[in-house]
Amino acid sequence: MKFSLEWLKDHLETDADTPTIAAKLNAIGIEVEGIEDPSERLSGFRVAEVLTAAPHPDADKLQVLTVDAGSGDPLTVVCGAPNARAGMKGVLGLPGAVVPANGMELRRSAIRGVESNGMMCSVRELELGDEHDGIIELPQDAPVGTSFADYRGASPVFDVAITPNRPDCMGVYGIARDLAAAGLGRLKPLAVPEVTASGECAIGIEIADTEGCPAFYGRTIRGVSNGSSPEWMQQRLLSAGQRPISAVVDITNYLMLAYGRPAHAYDLAKLSGPMVARRADEGETVEALNEKTYTLDKSMTVIADQRTVHDIAGIMGGEESGVTADTSDLLLEIAYFDPETIGRTGRRLGLTSDARTRFERGVDPAFLDEGMALLTGLIVDSCGGVPSQVTRAGEAPATPMQLAFDPDLTRRLGGVTVAADEQARILQSLDFGVTRGDAGWTVTVPPRRHDVEGPADLVEEVVRIHGIDRVGSVALPRAEGVARPVATPQQKMERRLRRAAAARGLHEAITWSFLPEEQAALFAEDGQALWVLDNPISEELKAMRPSLLPGLIAAAKRNADRGAAGTRLFELGRRYFRAADGSSDERQALGVVLAGEKSSRDWAAGRAQPFDAFDAKAAAMELLAEAGAPVDKLMVMGDAGAQFHPGQSATLRLGPRNVLARFGALHPALLGQFDLNGPAAAAEIFLDAIPARKGAATFARSVFEPPALQAISRDFAFLLPENVAARDLLRAVRGADKAAIVNARIFDQFTGQGVPEGQKSLAVEITLQPGAKSFTDAEIKATSDRVVKAAEKIGARLRG
Amino acid sequence: MADIDQLRADAMAQIAASDSLEALDQLRVAFLGKQGSISLLMKTLGKMSPEERQSEGPRLNGLRGDVAEAVAARKDALEQAALDVRLASERLDLSLPAPETPQGSVHPVSQVMDELAEIFADLGFAVKTGPEIEDDWHNFTALNMPESHPARAMHDTFYFPDRLEAGDGESRRMVLRTHTSPVQIRTMMAEGPPLRIIAPGRVYRSDSDATHTPMFHQIEGLVIDRDIHLGHLKWTLETFLKAFFERDDIVLRLRPSYFPFTEPSVEVDIGWTMENGRRVVGGSPDPDGGDAGVNGGASGWMEVLGSGMVNARVLEAAGLDPAEWQGFAFGTGVDRLAMLKYGMNDLRAFFDGDARWLHHYGFSAFDQPTLSGGVGARA
């Protein structure tokens with residue numbers, strides 16, 4: 001909301017300068033978002049007198065003027081305005097001045113061969129209004145040579161943000177009241193005019209919808225002449241960013257901006273029969289003043305005559321009965337509308353207006369008669385006419401609330417000690433009634449303060465006016481000693497995992513939680529109903545992700561497009577599912593995507609190496625180990641999902657059901673969907689599936705005793721069917737002698753020459769750990785035989 | 001015996017002249033082998049008289065020792081020379097690149113969240129989380145924003161078509177949480193007072209332009225106890241911001257404001273000044289320059305936080321008795337704090353996953369914030 005200093009001073013008697021006022025506004029909770037000083041915009045423009053005017057020798061429509069701008073010799077100025085003539089006074093822009101309307105800097109230049117030393121300006125060029133038929137004509141007593149800004153009394157304009165709880169400050173008068181309370185001057189009493197009324201209101205005023213419209217006051221004025229509003233009012237409206245339109249429209253706007261009181265004026269000639277505040281009929285339409293047609297429903301309150309709707313109550317009037325320059329008879333409406341109804345109607349229609357903003361937040365229910373009198377007075381002053389009596393239908397809910405208040409609450413809640421007298425003064429200066437008693441105070445809340453509901457609100461009033469900067473810092477009490485750890489095991493695991501992933505070369509990305517619906521569908525689990533937004537910001541950000549991988553794949557694709565040869569990304573975040581009761585089930589996961597080259601071509605290592613499924617496996621295993629999962633016990637089993645290469649992917653499970661992670665090469669068809677070329681591998685770790693670590697309650701590790709004797713190793717080469725997994729061979733071999741064999745490791749896999757079709761050769765190194773005494777040759781032989789026998793049980797045979 | 005001297009001189013000359021280990025070994029055999037000339041000479045000792053042996057023995061032994069020593073010395077020299085030759089042939093161009101271990105990074109948002117968790121842990125605050133897909137009761141109603149509240153419309157909420165049936169016949173609309181404040185409600189209801197918590201996490205608003213993304217991060221703070229007041233809030237904010245920015249000259253300006261869930265409500269501005277052509281947080285703004293949105297100046301205020309004393313209605317909604325319990329809450333943008341501290345200027349880049357950006361603005365895995373080392377990681 002904007003207003004000029006001059007306007008503020010119409011309500012507030014103060015000597016404070018602009019910065020002081022701005023600082024105080026901020027201090028009391030009216031945030032100053034900007035201050036505009038028109039005198040800066042108008043610098044370089046001066047009051048000037050046209051001494052002579054003669055036709056331009058080479059142009060029919062131009063004149064050559066000599067102009068006295070108060071400094072030295074008269075200046076030659078070329079001017080195209082038809083009203084330019086000798087003896088008039090106007091506004092001259094000197095070279096160097098910047099024309100507010102178009103930002104152009106004026107220069108000394110020749111126009112059709114005649115030098116021009118500036119420009120005589122129109123109203124529009126100085127952004128003082130719309131008029132542009134000629135140059136500004138100032139009164140004859142305007143002092144030549146003074147700066148136009150000074151002459152005009154250009155006043156700084158404050159741009160403030162009013163919080164939604166303070167509709168009473170959505171008028172300059174309300175702001176003046178707050179400033180006065182804060183010690184910045186004296187609030188001038190409201191000058192409500194005595195209206196001399198004659199006769200009854202010429203049209204019936206009725207309420208059918210008492211819920212949506214508790215009060216509706218009407219008055220007719222006959223015989224107005226709707227010309228321009230007075231200059232001072234136009235200046236104020238312009239300072240507020242409102243374009244002057246006509247006297248009646250300007251005056252209703254002025255009432256709203258000055259007093260926070262919306263009103264509406266109808267052209268009486270366009271109305272037939274009583275005006276009724278009622279619910280709209282389903283499907284009823286109205287063309288509003290913004291020239292758009294709205295279809296209404298029966299939840300909305302309207303003002304209608306016998307024929308049609310004339311006003312979307314409290315939001316916007318109808319075009320048909322709007323006042324025009326020809327209007328001679330008016331119906332004025334001052335009403336109190338239910339804030340909830342206004343808000344709901346506005347949201348449904350998608351229609352905002354200054355009136356809605358105020359009614360929705362709550363106007364002053366005790367200001368209907370004053371509002372009507374002020375409105376009438378201003379109209380009669382400007383437009384003449386004979387006002388009728390006011391017809392009052394209904395009553396606004398203006399019974400003041402009373403609150404019990406303990407002034408000590410200001411200290412207990414606000415943290416600042418304010419003397420009781422000062423607290424009472426502050427509240428009274430904001431129109432609160434204060435009755436001080438032994439058992440606490442009774443505070444009467446002015447009806448305009450819809451925001452004040454309890455004692456904490458009164459503390460806020462006292463503290464903000466007293467000065468929030470006077471609240472001292474008080475340290476939070478802290479427990480004795482070093483701070484106790486507060487992180488949960490889950491939080492510690494996540495922090496550790498994130499840094500472990502970064503330490504192994506992965507960049508942490510944060511990608512959108514929402515995806516294009518088709519991408520989310522690609523990763524949905526069987527039967528999963530996705531969370532899909534009703535009102536997405538775009539189709540790209542629509543469905544909540546069921547996996548971290550699609551976002552990372554899309555990011556890898558963007559990196560590839562930027563020329564990255566290889567991309568290693570991870571993200572630690574949530575996947576979104578549904579709980580049985582319909583609430584959200586959000587599960588933490590860590591996704592890894594490895595795309596493109598693992599290592600680039602290299603003078604030593606040769607060709608570039610792409611990422612493959614084993615890179616994803618390594619990431620999954622190492623990170624699971626960091627997360628505290630029992631990696632020794634994990635089983636590698638198939639079925640990583642349709643997103644993966646069917647032959648190069650697997651899950652890591654504890655038991656058949658508990659999937660801790662999946663990994664592998666991504667399916668080429670999936671990569672095609674993301675438009676990502678070349679192989680890519682991925683892993684996804686489901687943090688919610690990792691069992692809590694047992695024994696994490698103590699710091700001491702289990703005892704370590706190094707074996708006394710050196711371990712020995714033996715190598716075996718087995719032939720076995722191609723479809724037997726290496727894991728099965730290792731498990732069989734390790735089981736051959738659980739006491740002696742401490743490790744078994746595949747160090748070679750071979751197919752081809754020398755290996756029969758359908759078979760493969762696996763070479764295994766077995767580590768034997770002697771206990772108290774060394775193995776004898778016979779013992780080693782016996783163990784070796786058991787190893788071979790165990791391998792044979794799964795279809796392997798020792799290679800000759 | 002002159003021939004011994006002669007023999008020594010010959011042997012020494014031949015050993016010195018040998019130019020390979022093979023040649024040297026042949027000489028060793030020729031002198032010292034079983035049939036070597038010196039070995040044969042040694043054998044003559046047995047046939048000598050004791051007197052002769054007395055005088056010749058030491059001479060011959062000396063000869064044998066000298067020659068053996070000379071052979072060993074020559075062998076060392078030849079081996080050394082051979083090694084030198086081999087090493088010379090093994091020279092590498094060490095300006096060639098070495099194999100690189102890929103470098104990863106921690107995202108600035110995670111880093112800042114860790115920093116904040118560390119600072120608040122010292123003040124006794126635990127970290128709490130809650131769902132991002134919320135019902136509108138937790139996101140709005142319980143926070144004193146009933147359906148018709150204008151502030152609710154100002155939240156640019158993302159809605160789901162889904163509803164949650166909440167026991168007593170009440171049907172709640174599912175939304176993406178617009179702030180981390182519902183975690184306040186959930187924690188108060190689940191754990192009860194007293195409480196000191198922070199709740200960092202993702203939040204969502206239907207808003208997208210140069211400085212807004214539809215997803216961003218907030219951190220919420222909540223303290224509930226019997227006698228917590230506005231002064232404690234002020235101290236907590238000053239303390240945390242000083243620790244976070246690691247500057248003692250952090251200046252805050254508190255302004256009364258409005259949030260439905262706090263009363264009184266306070267908006268917090270932080271003073272900024274120019275350092276090396278950049279806006280930095282810290283220092284006291286020029287009192288005449290910075291008040292009213294002056295952007296071109298050398299100092300000013302910027303909004304960083306919303307806060308206030310928890311509204312009694314919020315306490316009631318969470319099942320707490322406002323006559324017994326009171327406290328404060330605050331909320332701020334994590335991404336914003338990261339930008340102010342670490343100098344990023346484009347919020348949208350936070351969520352793009354550009355490896356170049358992550359490499360530039362991300363943090364080493366070992367930049368784990370600690371109080372003893374200072375929570376921040378310097379450039």
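**Close-up views of a predicted model**

**View 1. Contact of helix 5 and helix 11 in chain B.** Pro108(B), Val109(B), Val112(B) and Met113(B) of helix 5 of chain B meet Val334(B), Asp335(B), Leu337(B), Ala338(B) and Tyr342(B) of helix 11 of chain B (contact: C-beta atoms, placed from the backbone, within 7 Å). The model is predicted: local features need pLDDT of at least 70, side-chain atom pairs count only at pLDDT 80 or more, and totals for chains, interfaces and linings use all residues. Residues are numbered from 1 along each chain as its sequence is written, with chains lettered from A and ligands numbered from 1 in the order in which they are written. Helices (H or I, at least four residues) and strands (E, at least two) are DSSP runs, numbered from the N terminus. Helix 5 (residues 108-122) and helix 11 (residues 334-342) of chain B pack at about 95°, their axes 9 Å apart (axes are lines fitted to C-alpha atoms, for helices over the stretch in contact; angles run from 0 to 180 degrees between N-to-C directions). Helix 5 of chain B is therefore roughly perpendicular to helix 11 of chain B (angles under 35 degrees count as roughly parallel, over 145 as roughly antiparallel, 65 to 115 as roughly perpendicular and the rest as oblique). By class, this contact of helix 5 with helix 11 of chain B has 8 nonpolar, no polar and 1 charged residues (Ala, Val, Leu, Ile, Met, Phe, Trp, Tyr, Cys and Pro count as nonpolar, Asp, Glu, Lys and Arg as charged, and the others, Gly among them, as polar).

**View 2. Contact of helix 19 and helix 20 in chain A****.** The axes of helix 19 (residues 726-734) and helix 20 (residues 777-793) of chain A are 8 Å apart, at an angle of about 140°. The two helices of chain A are therefore oblique to each other. Leu729(A), Ala732(A) and Val733(A) of helix 19 make the contact with Val787(A), Ala790(A), Ala791(A) and Lys793(A) of helix 20.

**View 3. Strand 31 of chain A and its pairing****.** In strand 31 (residues 566-578) of chain A, 11 of 13 residues are buried (20 or more other C-beta atoms within 10 Å of the residue's own; exposed, 12 or fewer; partly exposed, in between; C-beta atoms placed from the backbone). Strand 31 of chain A runs antiparallel to strand 32 (residues 584-599) of chain A, joined by 13 bridges (pairing requires at least two DSSP bridges). Leu569(A) stands opposite Val593(A) in strand 32 of chain A.

**View 4. Surroundings of Glu303(B)****.** Glu303(B) lies in strand 10 (residues 299-310) of chain B. Glu303(B) counts as partly exposed because it has 16 C-beta neighbours inside 10 Å.

Conventions: Two residues are in contact if their C-beta atoms, placed from the backbone, lie within 7 Å. Lists of a residue's contacts leave out its neighbours within four places in sequence.
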